[in-house]
Amino acid sequence: MDVVDASFLLSSTDLTKLPPPAHPEIAFAGRSNVGKSSLINSLVGRKKLVRTSSKPGATRGINFFRVSLRGGGVLDLVDLPGYGYAQRSKAERLSWGPLIEGFLETRVGLRGVVLIVDARRGIEDDDLELIEYLEAHELPVFLVATKIDKLPAHQRKLAAEAVKRAAGRRVFAYSAETGEGRDVLSRALLKAANISE
Ligand SMILES: Nc1nc2c(ncn2[C@@H]2O[C@H](COP(=O)(O)OP(=O)(O)OP(=O)(O)O)[C@@H](O)[C@H]2O)c(=O)[nH]1
Ligand SMILES: [Mg+2]
């Protein structure tokens, strides 16, 4: 992704306050602490665009980032709050479903969802549920196995293959730490957004 400019637009838990759909959007979803925000920073090549944390629950609302690309294209990247984090308040956990589902069902500019899993943990039930939901809503899914750098080199391919088998779909191996997988995923996302490089 040849980024000219990247900036934070807004964060909200209110679907009516999100930006009007001016540009193609790509959303990033996954379990809490899996590395969603780090992946956005890595894709965009800006270390501190999105706040990351070693503690789960860092990303709360729906966060919009706007990226201008060298060819003139503009893409909105949407960081979604993670699921599966037990320490959140009950009210927050209960509000997650309607908020995310409302987002996924109403954004007319949404071109795909990057679903991120930890390469070491693989696919879990809530990830599979989200994949089924996205398929049912005919939203393109980009399944990413991230933190691949945390595995010894000889286990990386096996781990990615295990995720692929469990999900029955293509998987992108990724590391926000080393940048592995960045170009392949970038290309797939730009294609989905109909932006030529
Ligand atoms: N080694 C390594 N660490 C990573 C990678 N991606 C993320 N991390 C680390 O994992 C932790 C969580 O990363 P975040 O990007 O904040 O995760 P998140 O999914 O946005 O978390 P929430 O917003 O809390 O749901 C941070 O300490 C990151 O530095 C990776 O590819 N490799
Ligand atoms: Mg985050």
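A residue is called buried if 20 or more other C-beta atoms lie within 10 Å of its own, exposed if 12 or fewer do, and partly exposed in between. In this predicted model, L99 has 19 other C-beta atoms within 10 Å and is therefore partly exposed. L99 belongs to helix α2, which covers residues 90–106. Its C-alpha atom is separated by 21 Å from that of I40, a residue 59 places away along the chain.

From this single residue we turn to the whole protein. The protein contains five helices and seven strands, and from the N terminus on these elements run β-β-α-β-β-α-β-α-β-α-β-α. A compact globule of 197 residues would have a radius of gyration near 16 Å, and the protein agrees with this because its own value is 16 Å. The C-alpha trace spans about 45 × 45 × 30 Å along its principal axes. Of the 197 residues, 34% count as buried. Among the contacts with a separation of 6 or more, 73% are made by residues 24 or more positions apart.

The strands form an open sheet of seven, in the order β1-β3-β4-β2-β5-β6-β7, and their pairing is mixed. Strands β1 (3–12) and β7 (171–173) stand at the edges with a single partner strand each, so one side of each is left without a neighbour in the sheet. On average, neighbouring strands of this sheet are turned by 25 degrees against each other, direction ignored. Within the sheet, strands β3 (residues 62–69) and β4 (residues 74–79) run antiparallel and are joined by six bridges. R66, for example, has D76 in β4 as its bridge partner.

Helix α4 (residues 153–167) packs on the sheet, where it touches β5, β6 (141–146) and β7. The direction of α4 makes about 160 degrees with that of β7. Helix α3 (residues 125–136) is, by contrast, hardly covered: the count of buried residues among its 12 residues is one. From its first C-alpha to its last, α3 reaches 17 Å, close to the 16 Å expected at 1.5 Å a residue. After α3 comes E138, whose phi is positive, near 55 degrees.

Residues up to four places away in sequence aside, A145 touches V117, A119, A159, A160, V163, V171, A173 and Y174.

Technical notes
Residues are numbered from 1 along each chain as its sequence is written. Chains are lettered from A and ligands numbered from 1 in the order in which they are written. This is a predicted model: local features need pLDDT of at least 70, side-chain atom pairs count only at pLDDT 80 or more; totals for chains, interfaces and linings use all residues. Helices (H or I, at least four residues) and strands (E, at least two) are DSSP runs, numbered from the N terminus. The expected span of a helix is 1.5 Å times one less than its number of residues. Two residues are in contact if their C-beta atoms, placed from the backbone, lie within 7 Å. Two strands pair if DSSP finds at least two bridges between them. Axes are lines fitted to C-alpha atoms, for helices over the stretch in contact, and angles run from 0 to 180 degrees between N-to-C directions. The radius of gyration is taken over C-alpha atoms; the globule rule is 2.2 Å times the number of residues to the power 0.38.
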